[in-house]
Amino acid sequence: MDFDYDLFVIGGGSGGVRAARIAAGEHGARVALAEEYRMGGTCVIRGCVPKKLMVFASSFPAAMEEARAYGWSADVGRFDWTAFRSKLDAELDRLERAYRSGLSGAKVTVYDTRATISGAHEVTLATGETVTAKHILIATGGRPYVPAFPGSEHALTSNDVFLMDALPDSVLIVGGGYIACEFACIMNGLGVKTTQYQRSAHVLKDFDAEARDLVEAGIRASGIDLQTGTEVASITPEGGAFRVVTKDGREAVFGAVIHATGRVPNVEGLGLEAVEIALGPKGQIPVDDWSQTRVPSIFAVGDVTDRIALTPVAIREGHAFADTVFGGTARQADHALVASAVFTQPELASCGMTEAEAAARGPIEVYSAGFRPMRTSFAGQPDKVLFKLVVDAASRKVLGCHIVAPEAGEMIQMVAIAMKMGATKEDFDRTCAVHPTMAEELVTMRKPTRSS
Ligand code: FAD
């Protein structure tokens, strides 16, 4: 049978764009891609990139304070959201254009419209047109989830934050995952009076408890009113602001309420029933290690598969799919030892197992150094950093590394290489320190803090 394309990709985000470019540009496949919103997807348009730029913007007041402690006369001044937003919009436009030119350079046909699946080899565009393809790749990503409660329609999500016309005077951030914590720190840094509600006892529940505790302390010390064990019962508009009632009956009024209460796979109305693909327990599209669904011609990568919801992982999955199906090189995406960072203030970065995960698996040694770093200590600030290695007692392999420090994300990228190579604690010890740095602690921790 003749198909219109060798590959039809649904979704122009991290995973979809990489798969399309590699399949067409490197392996010569005839590829089309449909994107219903803006090219680049969540990461570029309403995720990693605009968020990190906001992290940078929000970090200046603290830097100014530090500068004063070092003898500079510096004034924080006033943050101009409108000026920042127009620069941000221009930057996102530039990135979107770069994504589009990458696709056109690889000769990918782009449909700027929604696509749904209407058969094992057929997609239907929102225009009504049907297109056939030998293979279909679903890369539709995820979307914010807000639980249903009275007034939940007044809650903003991460999608809305980058589009706000003005910053509110006060904000309630609801949630305790990395996106909630990052937005709380961003808003606080930008001078917005920030409260954060988290349902359970701690934020960042999937991270190492010792590292998480330090970030939690930092969040509180920065002036954010973090209230754990607190859940929203209702939101009611009140004179341009929002009255929030909690499940335990407390009330407060905020200029805006932002829910960062998780993300769900983007599968609504995608037509999966037409090909009898049943969703997994988290609403995800089930795939095997080759990103193949139960329908042999249909594959899925990225957040929609709910494996590891991070941009570099979606990119790897899309690339491995394209190499396998069109490049004659069978390759699976490797999900082991994926490092990640939380861009809070202080920043948290991790690779591998938490202490609790490793301890549940067998005997371990923990090397942990918490201290006030030279830079902020000189400035008279109380900030502490943490460097922690979780080591397998028998093999001596470093199973986990957790860092809470400025630029922790930059540091963990390097540690991840060593861990991926199977580095042992003794390999770390053999490595000479770079002095004076914070990261030298990673190679100078001689005695275990504890064993279990
Ligand atoms: P996406 O990038 O979400 O792309 C999916 C695309 O498909 C979207 O453009 C969507 O419009 C389109 N689409 C959906 N349905 C259809 C359809 N039927 N037809 C046509 N088009 C469709 N990850 C990190 O690694 N580091 C970070 O710091 C980080 N920060 C984040 C901050 C925030 C606020 C958020 C929300 C996410 C963040 N992420 C981060 C996660 C990262 O953005 C995602 O893991 C990544 O974008 C997933 O890529 P994807 O290709 O699966 O989907």
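Predicted model: local features only at pLDDT ≥ 70, side-chain atom pairs only at ≥ 80, totals over all residues.
Local features need pLDDT of at least 70 and side-chain atom pairs count only at pLDDT 80 or more, whereas totals for chains, interfaces and linings use all residues. Residues are numbered from 1 along each chain as its sequence is written, and side-chain values use heavy atoms, with hydrogens and water left out.

**View 1. Domain layout of the chain.** An automatic or database domain assignment gives domain 1 (5–143 + 264–326), domain 2 (152–261) and domain 3 (340–446). The C-alpha centres of domain 2 and domain 3 are 29 Å apart.

View 2. Contact (heavy atoms within 4.5 Å) joins 13 residues of domain 2 to 18 residues of domain 3. The buried area (accessible area, 1.4 Å probe, that two parts lose on being put together, summed over both) is about 1,300 Å², and carbon and sulfur atoms give 68% of it. On the domain 2 side, Phe207, Asp208 and Leu214 lose the most area to domain 3, together 38% of what that side buries.

**View 3. Salt bridges between domain 2 and domain 3.** The count is 2 salt bridges, each a side-chain nitrogen of Lys or Arg within 4 Å of a carboxyl oxygen of Asp or Glu. Glu210 forms a salt bridge with Lys388, with the closest N and O atoms 2.8 Å apart.

**View 4. Helices on the domain 2 side.** Helices here are DSSP runs (H or I, at least four residues), numbered from the N terminus. Helix H7 (178–189) and helix H8 (209–221) each supply at least two residues of the side that touches domain 3. H8 gives the most, with 5 residues.
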